[in-house]
Protein chains: 8
Amino acid sequence: MNKDTLLQLLDDVKKGKRSPEEAQARLSDLPYQELGYAKIDHHRAIRTGYPEVVFGEGKSPDQLNGILEVLQKKGNNILATRVSPDLYQAVKSISPDLQYHELARCITLRQKNPAMPETSIAVVTAGTSDLPVAEEAAVTAEIFDNKVERFFDVGVAGIHRLFDQLDRIREARVLIVIAGMEGALPSIVGGLVDKPVIAVPTSIGYGANFGGLSALLGMLTSCASGVSVVNIDNGFGAAYQASMINRL
Amino acid sequence: MNKDTLLQLLDDVKKGKRSPEEAQARLSDLPYQELGYAKIDHHRAIRTGYPEVVFGEGKSPDQLNGILEVLQKKGNNILATRVSPDLYQAVKSISPDLQYHELARCITLRQKNPAMPETSIAVVTAGTSDLPVAEEAAVTAEIFDNKVERFFDVGVAGIHRLFDQLDRIREARVLIVIAGMEGALPSIVGGLVDKPVIAVPTSIGYGANFGGLSALLGMLTSCASGVSVVNIDNGFGAAYQASMINRL
Amino acid sequence: MNKDTLLQLLDDVKKGKRSPEEAQARLSDLPYQELGYAKIDHHRAIRTGYPEVVFGEGKSPDQLNGILEVLQKKGNNILATRVSPDLYQAVKSISPDLQYHELARCITLRQKNPAMPETSIAVVTAGTSDLPVAEEAAVTAEIFDNKVERFFDVGVAGIHRLFDQLDRIREARVLIVIAGMEGALPSIVGGLVDKPVIAVPTSIGYGANFGGLSALLGMLTSCASGVSVVNIDNGFGAAYQASMINRL
Amino acid sequence: MNKDTLLQLLDDVKKGKRSPEEAQARLSDLPYQELGYAKIDHHRAIRTGYPEVVFGEGKSPDQLNGILEVLQKKGNNILATRVSPDLYQAVKSISPDLQYHELARCITLRQKNPAMPETSIAVVTAGTSDLPVAEEAAVTAEIFDNKVERFFDVGVAGIHRLFDQLDRIREARVLIVIAGMEGALPSIVGGLVDKPVIAVPTSIGYGANFGGLSALLGMLTSCASGVSVVNIDNGFGAAYQASMINRL
Amino acid sequence: MNKDTLLQLLDDVKKGKRSPEEAQARLSDLPYQELGYAKIDHHRAIRTGYPEVVFGEGKSPDQLNGILEVLQKKGNNILATRVSPDLYQAVKSISPDLQYHELARCITLRQKNPAMPETSIAVVTAGTSDLPVAEEAAVTAEIFDNKVERFFDVGVAGIHRLFDQLDRIREARVLIVIAGMEGALPSIVGGLVDKPVIAVPTSIGYGANFGGLSALLGMLTSCASGVSVVNIDNGFGAAYQASMINRL
Amino acid sequence: MNKDTLLQLLDDVKKGKRSPEEAQARLSDLPYQELGYAKIDHHRAIRTGYPEVVFGEGKSPDQLNGILEVLQKKGNNILATRVSPDLYQAVKSISPDLQYHELARCITLRQKNPAMPETSIAVVTAGTSDLPVAEEAAVTAEIFDNKVERFFDVGVAGIHRLFDQLDRIREARVLIVIAGMEGALPSIVGGLVDKPVIAVPTSIGYGANFGGLSALLGMLTSCASGVSVVNIDNGFGAAYQASMINRL
Amino acid sequence: MNKDTLLQLLDDVKKGKRSPEEAQARLSDLPYQELGYAKIDHHRAIRTGYPEVVFGEGKSPDQLNGILEVLQKKGNNILATRVSPDLYQAVKSISPDLQYHELARCITLRQKNPAMPETSIAVVTAGTSDLPVAEEAAVTAEIFDNKVERFFDVGVAGIHRLFDQLDRIREARVLIVIAGMEGALPSIVGGLVDKPVIAVPTSIGYGANFGGLSALLGMLTSCASGVSVVNIDNGFGAAYQASMINRL
Amino acid sequence: MNKDTLLQLLDDVKKGKRSPEEAQARLSDLPYQELGYAKIDHHRAIRTGYPEVVFGEGKSPDQLNGILEVLQKKGNNILATRVSPDLYQAVKSISPDLQYHELARCITLRQKNPAMPETSIAVVTAGTSDLPVAEEAAVTAEIFDNKVERFFDVGVAGIHRLFDQLDRIREARVLIVIAGMEGALPSIVGGLVDKPVIAVPTSIGYGANFGGLSALLGMLTSCASGVSVVNIDNGFGAAYQASMINRL
């Protein structure tokens, strides 16, 4: 909004062309609800139909309970990530429809019918130990109304397993590729598939992986084009962007 | 391709259901051309209409000359990145249509008419010193047949400049957001725009930016959803992925 | 004190112009009290009316008890930081007026009437997980006799929440801005407010935040002027300096 | 500005209590001037009387020339930092009143009479090699209309030199303390002076100082209270905040 | 396999010169078995007689049980590394012939008679705290059918202990040298022995060893020729390569 | 020993000028005793009267018991470092004369009368949290037959406490100076005292001290001459070298 | 050599069973020649037939000249690494048979007929920019009397180029695999080839490769077995060990 | 000096028991001379007979000239370190007795007769490239009136060269051991010699030595007792402390 349009808008209000309420809606940005310990942002969900998202880690059972109750009433789909089994036990009475995804450590509550696009998101992992991150990504993508295809344990140490699945992987519209240790899989996949690849380094490993640093640097310096990277273990973030791309 | 379909394919060839040529096309992977000091990969361009891309840095004038001549004959568009002015002088006689983008340090040669989609890519920078990276991204996106909108010098130190342009920025289908130092701009933009954001940290700065590390870490840990990151100063990589997304 | 004034001072003593006591007061520096396991420095509090401060972490219940008892007798206000609930239980019998701030993990004992300046310190946080650090800062600032205004959960992912409070934030004389992950909030605030900003990176987060390093580097390389930084999670240190500035 | 006050403002416009222009002034944020390669922000200087500041590094002579000419016409004081002697030669014809500070690598142009507060800023350095950073801080503080007292070469290896000047150092309202290598000086000064200390690590040194990292970490972990830190070699940033505090 | 030989192969199939099965064996790469949570790769063991290897860390008792049962039926030797005593208890009923190596934290199951070469592998450690890594290496080398000679606690702080054993150490065909802290032992041994040395840094130590980083960097920058390095604490990896070399 | 003197030595043996035993004593280096899990090196203690030293961390009760019993019989003084209270309980029955130093986490057994030199070692700490490292240093120095003077809690935040003790500190022949966080104390002391200073960084602290790194870098880059550094938390190592210097 | 065999040896000399010369040969270790600025070690070459090796970097023309002249007279093959073209000009008059390998920056002088084993070493690179390191490895391996097969520019971004050459790569007895950026190639190759792989990270790249760190960490954490790593850019070291293995 | 002795001292002055001059000498600390760009500290040299030391790096010819002239008049020995040949040319006219040590990059001026102790300092290096640091150490030790024995190029890759010189090395009273790359030499020497070892890491090397970091960490984590460390390349600092120890 530049100065002229702003002036115009105000002028419109003065002249009665727009009601103050109308201008307020135009000007005031994203509404939210004050909850004491948190400000809940209804804006995105209202405008876009996106689910409400809660980051569970570090929240007390009471806090999570309070937030989920408020969100539930809005009627949108809900996703809570990084929820431990104990934390889930403390909030599960909110609704019988709450679903807990143990491996992904996520809670979902579906309150709206899915509106799936035809295309799908591929979630690809290098090893079995990347599964929790992969499932966080998959569960996130699904509650955001995307079809998800899983391709697990196809890492570079036995690369024939990847080639075996390549045709199906190529059918996805966007790929999430997850790997720890040397983090080479996104480079390989990026060189074989002409679709955007979102790479997720994981903190899985020991020694010189330094909490995911080796995979992170490997993915950032990938020689393959079309690869971008999100934070270590951030399956949610990868799925959020993949969903944006898949639903464009 | 799993073992059964492979066996089937071979069986089809044996029985004459498929010609060997057909099977070869199915099986043989990406062709390339041996140039002595480099293997040129024509596959992508042939199959997808993508331009041929050359990384100029570290190449001798003779090497770049040789590669460009081969590529020119294929008739595709050509992009050479990280080409110093001196290196450009040494190769510019190849074609009068070679274009040198000084700020972006890129050579382009357009040999095919552009097939632009309606949608555009926004290239957004925090400061004026991020311009070389931004121009590498913009020139790349354009030779890949995308419309590009530039929004420069709208960084967080004077955030009203960003808000002023927000309406136009929101019109893009995908955003490339470039910043050095604290790298906060992609977080802000990601919180304001519901489109995929590809963040590019730059090595611009001094002191504790440690060659782009501060911006890189800031972008990776961005609190905003929908942000992914490419390597420091990698304008080309960001544009490559943005083009993939824009042209989906 | 250069050599000449020293000689003069001693000469004054010799000639009886100054008593030895007077010279001693001039020369001897800061007195303290030997407690065996610690030397308690009464100087600051005596001279300035500042509260006595104890760093609780790593102290045994007996040690903390001993130090608090000595300090209590001096009659000043007392602040003990980094005190776990268990440690608090072990010392709370010292005085019924001890106050325990659970979120801030601080003990305070007010023994002097507050002498508040008119102006206030704003404590601003990016997210709800930054609250413990924010409360340590707020409790510290209050026991140092400052009015504190709290603005929590106004981080860059939903920047409209910040703008909504901007007028009130601008009323403070000095700001403490607290953020983890990319640590972008102090840059934004510093670009919008013409007051000194003391930034506190927090260790909240995961992956590439590396224990607060991402926020620390982001804040140090902030493009906004008027921002300085204290150690990761150091709410106390930020409040100490903010109090100095507010009470100038 | 919360929603109610916004609605009120718009209602005022509708009812003619405020002119649209008035509301626009209230609403529209910081104006700036488009220069092609840069957006010049006049807002701060207009509103606050602050000088215009230009970061010279990485700017071409033409660019710097263009920016300085625009700024000169506004009639404010001007500060350009990180200006090499060569760059200065290329722009010095703009005005005979341009002053070049060689050690500080700064250009200043004073167009308004100084309005000095009574109090002063102390600039304290550990060694002679910290002088360029110290002078950048001092020149900045002076063009921002502050009295500056310089205390150079009083580092911890010969700490008596510091004690000798302590009385005069204590007279300042705020201190900028600059050191390389182990960066211990701010800790010492912070323990001896009851004024805010802004610490500047410098990249001076060799071996394990790793480009200023040793001094930076030392200052951040300072045991003394009342110390905050700016980026390595950032004399300007320290002076900017010190000026804010001194002029409160 | 270039395009011509591929075409030739397919042509052979068409003309009946090769059976589809023959071509499949030529083309299809490494077979594996889908287990739901893991893809077991039988290829290596089938083709080479190598044992099957399982990485135990992070596997649930059920998962490890399932994998071991499948592997046992194939009749090959089995090695499971990083198996805690608890995990071993949960799977030991699979076979009375399972052997648990407590110090090495490995399970082995020998189902084939060893085919030992004459030559041996020396496993050399600097200190007693390197023993777990050394035993992982030794147990691995033995189940891969190698003779192993152990030389423990011969580090550089008492280098005469190394010299005392030098004649015997020189008899090995390849050496695994394991050290923490400064990691100097491989340099010494590499300067005294004309055999390939595989160095293993360990995470043993405190302070500036930073989880094995000091030993890792020391070994990588070794002045002695003939030394290569594997990941921190990776006794298995060192033994795998040593076995390859010993059995060439 | 060069080749000629070696030849000469052997020739002497042949000619009977030296007995083989004599030559053996000349040639054979440091003897040790094989204990299965450890090689005990009696050489140093035998030759120099030094105590036997055992590093307790990571040793099982049985191992420590075995080693201590062997050492006890040799009749030398014994020092075991990094011994937890539990580990001490498991071995204390070896001798009623075993002494456990809880803060230092050390066991000592004195079996020889001390032969103290006149001069002393000063152990100086910045804060109370450095005490465990300081006591490890002090206990080590004492069992190595040195007089130790302790100066605790004299860090730079209240530097007058240091000056108060300076005369007594200057009486020591060599100083061990221990500090965490910014690690500035050795720089200060090194600038005030003309004796060798051995600096010990501690891992005490939080935030940007990164496990002692800030103190380590600060000490290594100390501007004061005469300061050298040992590993983080290595009180034993500092005392070992200080004892060497004190007893020269 | 333990004490008993030493005593025995000396006794043998005394009794005349061995001549002093004989014992000297047994005891005296590696002879060398004092050159003032360097000690030249003839031992290895004498005993093993290995070439003499000189590290050229940092040597003055005079020093290199002196060393080469001494080595030439011994009659062995000679290898000098890290020799700039200028340095080569300064020493080339030593012998018309000196060969300069420009890309590898190596000098070789062959004075003995090669004794090649049948087997070969494969040198594999990811990109064209890895060629200097690859040629250093190849030239080293050749002067150490090994057959070398070169496979350049077969990196993971176009992995079909690798597969195309896989059959020939598998024929080597040991592989040197060289890559920069994400360093993924050794992982891929190690998963496809049952031969020892020595990985060499290169410092080629930009941004987050941090001078080779990304490739180094990637290779160290490789999921493939049978991979060990040498220092960044250390083509010589890789070839030295590969030669050891190939010639076992 | 505690408060009572201070009061006593002042009382003595008052009563005429001490002259003000006497008290001044007792109280006033280290005198210095103001030179504008530097404060020259004469104290140490006056009191102790130590040479005056100047750090040349970063000083202009004029500054160095000015400082040297002032120092020369005091009549003490002078040492200037880090002096480039060009800088030396600019100051050499000060005195015909100035000596320039090219390899060490030091200037010395001897104005007092040496007072050598009987004992000596050994300067030991691993390689020829460590010579500049070694010579800085040796020249420093000599101008501080110590006998120096040089043992160069005895690193761990050919450890027999070290053993050959061990008897002579053991004769020194204190050792300076200098090494780059893995920095293992001080560990070896510390395990063989019962004298204090001061270790100096050098920045010599490439790849993973990261500017001396590998050697620094290796030396800090040395398993040998009696080793302490100074900054990377700090030959002067090592010699300063060694001189202190040798002259005790």
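Analyst: Chain A splits into domain 1, residues 32-109, and domain 2, residues 120-246. Keep in mind that this is a predicted model.

User: How many Å separate the centres of domain 1 and domain 2 of chain A?
Analyst: The centres are 26 Å apart, taken over C-alpha atoms. Where the two meet, domain 1 of chain A brings 15 residues to the contact and domain 2 of chain A brings 14 residues.

User: What area do domain 1 and domain 2 of chain A bury between them?
Analyst: About 1,200 Å². Carbon and sulfur atoms carry 70% of that area.

User: Which three residues supply more than any other three on the domain 1 side of chain A?
Analyst: A:Tyr50, A:Arg82 and A:Leu103. Together they supply 36% of the area that domain 1 of chain A buries against domain 2 of chain A.

User: How many salt bridges cross the interface of domain 1 and domain 2 in chain A?
Analyst: One. A:Arg82 also forms a salt bridge with A:Glu136. Their closest N and O atoms are 3.3 Å apart.

User: And how many residue pairs are in polar contact across the interface of domain 1 and domain 2 of chain A?
Analyst: Two, both at pLDDT 80 or more.

User: Which strands supply at least two residues each to the side of domain 1 of chain A that touches domain 2?
Analyst: Strand S4 (78-81) and strand S6 (106-109) of chain A. The residues on that side of domain 1 divide into nine nonpolar, four polar and two charged.

User: Let's zoom out. How many helices and strands does chain A have?
Analyst: Eleven helices and eleven strands.

User: What share of chain A is buried?
Analyst: Of the 248 residues in chain A, 63% are buried.

User: What about contacts between residues 24 or more positions apart in chain A?
Analyst: They account for 67% of the chain A contacts with a separation of 6 or more.

User: Pick a residue. Where is A:His101?
Analyst: A:His101 is in strand S5 of chain A, residues 99-101.

User: Why does A:His101 count as buried?
Analyst: Because its relative accessibility is 17%, and the cut-off for buried is under 20%.

User: What does A:His101 touch?
Analyst: Not counting residues up to four places away in sequence, A:His101 touches A:Cys106, A:Thr108 and A:Val139.

User: Switch to chain B. Is B:Ile78 buried or exposed?
Analyst: B:Ile78 is buried, with a relative accessible area of 3%. Its place is strand S4 of chain B, residues 78-81.

User: Which residues is B:Ile78 in contact with?
Analyst: Leaving aside neighbours within four places in sequence, the contacts of B:Ile78 include B:Pro51, B:Leu68, B:Leu71, B:Ile107 and B:Ile143. B:Gln111 is also one of them.

User: How far apart are B:Ile78 and B:Gln111?
Analyst: In sequence, B:Ile78 and B:Gln111 are 33 residues apart. In space they are 8.0 Å apart, C-alpha to C-alpha.

User: Now helices. How many residues of H9 in chain B are buried?
Analyst: Eight of its eight, residues 185-192. Among them are B:Leu185, B:Ile188, B:Val189 and B:Leu192.

User: And how many are buried in H10 of chain H?
Analyst: Helix H10 of chain H covers residues 213-220, and seven of its eight residues are buried. The buried ones include H:Leu216, H:Leu217, H:Met219 and H:Leu220.

Key:
Residues numbered from 1 in each chain as written. Chains lettered and ligands numbered in written order. Predicted model: local features only at pLDDT ≥ 70, side-chain atom pairs only at ≥ 80, totals over all residues. Heavy atoms only, no water. Domains from an automatic or database assignment. Contact = heavy atoms within 4.5 Å. Buried area = accessible area lost by both parts, 1.4 Å probe. Salt bridge = Lys/Arg side-chain N within 4 Å of Asp/Glu carboxyl O. Polar contact = N/O pair within 3.5 Å; in protein donor to acceptor, adjacent residues only side chain to side chain. Helix = DSSP H or I, 4+ residues; strand = E, 2+ residues; numbered from the N terminus. Nonpolar A, V, L, I, M, F, W, Y, C, P; charged D, E, K, R; others polar. Buried < 20%, exposed > 50% of the residue type's maximum accessible area, 1.4 Å probe, protein only.
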